[in-house]
Amino acid sequence: MATPVLDKVEAESAASPYITVTFRIRRFNPEVSAEATWEDFQLEIDPKERVLDGLHKIKWELDGTLTFRRSCAHGICGSDAMRINGKNRLACKTLIKDINPEKPITVEPIKGLTVLKDLVVDMEPFFQAYRDVMPFLITKDTNEPTRERLQSAEDRERFDDTTKCILCAACTSSCPVFWNDGQYFGPAAIVNAHRFIFDSRDEAGEQRLEILNDKDGVWRCRTTFNCTDACPRGIEVTKAIAEVKKALITRRF
């Protein structure tokens, strides 16, 4: 008796890991229109792939004009932060299967920064705030050290969490205060100030605290925890901001 054999096409279809997904992307091209529009793209993709893989597929196979930033594609460079299904995420760290692919996956630029084209925003205000808090080690000794600056494990642990920042702007662009007032330093700048304020080797803590004591500084934080929820590195951003506030009051750090 002959064994029934599935049609070759049916067999391949049954074994295929691919599903049909709709990407709904917010498009903006200032050379074409002053208004942003939404555009849908349908593609076959393995649900275990990342949103970044889907964007690559769209750009390489469907529409080469789609514009977005990405570099390392492994959650280290922070360049592909965007709003995916209404939440700030890294496209390279977000799996299709984890964001309900049965419905259209919405992708749009992060909020609070000027959109240049499609998913690319002007990051200069963000990086200016970062530069303003002097994110580097400062000591009173201007001579080049002849040995490394030693630090205990306990002292290092004091600021360990805030060393994880990759400057993706996911936290800052999730902050409602920053949305409404771009002059606010924002969570990322405060996190990077925290990293040096609490570093026992640094000697410019007071100077940084005075910078953050400005009307657009740390006191603008309303403790909504949006920043902590958005951070792809798991940094306790709201806690770090609270510690900087406490240091401003007590002058102990």
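In this predicted model, the chain carries nine helices and seven strands. The C-alpha trace tells its own part of the story, spanning about 85 × 50 × 35 Å along the principal axes.

As for domains, the chain splits into two: domain 1 covers residues 17-121, and domain 2 takes in residues 124-250. Their centres, taken over C-alpha atoms, sit 29 Å apart. Where the two meet, domain 1 puts 11 residues into the contact, while domain 2 supplies 14.

Turning to the interface itself, about 1000 Å² is buried between domain 1 and domain 2, and carbon and sulfur atoms account for 64% of that area. On the domain 1 side, the residues that lose the most area to domain 2 are Asn88, Lys111 and Leu113. Together, this trio makes up 44% of what the domain 1 side buries.

What about polar and charged pairings? Polar contacts do show up, with a count of two residue pairs between the domains, both at pLDDT 80 or more. Sorted by class, the face of domain 1 that touches domain 2 holds six nonpolar residues, along with four polar residues and one charged residue.

Note on methods:
Residues are numbered from 1 along each chain as its sequence is written. This is a predicted model: local features need pLDDT of at least 70, side-chain atom pairs count only at pLDDT 80 or more; totals for chains, interfaces and linings use all residues. Side-chain values use heavy atoms; hydrogens and water are left out. Domain bounds come from an automatic or database domain assignment. Contact means heavy atoms within 4.5 Å. Buried area is the accessible area (1.4 Å probe) that two parts lose on being put together, summed over both. A polar contact is a pair of N or O atoms within 3.5 Å; within protein, one must be able to donate a hydrogen and the other to accept it, and residues adjacent in sequence count only if both atoms are side-chain atoms. Ala, Val, Leu, Ile, Met, Phe, Trp, Tyr, Cys and Pro count as nonpolar, Asp, Glu, Lys and Arg as charged, and the others, Gly among them, as polar. Helices (H or I, at least four residues) and strands (E, at least two) are DSSP runs, numbered from the N terminus.
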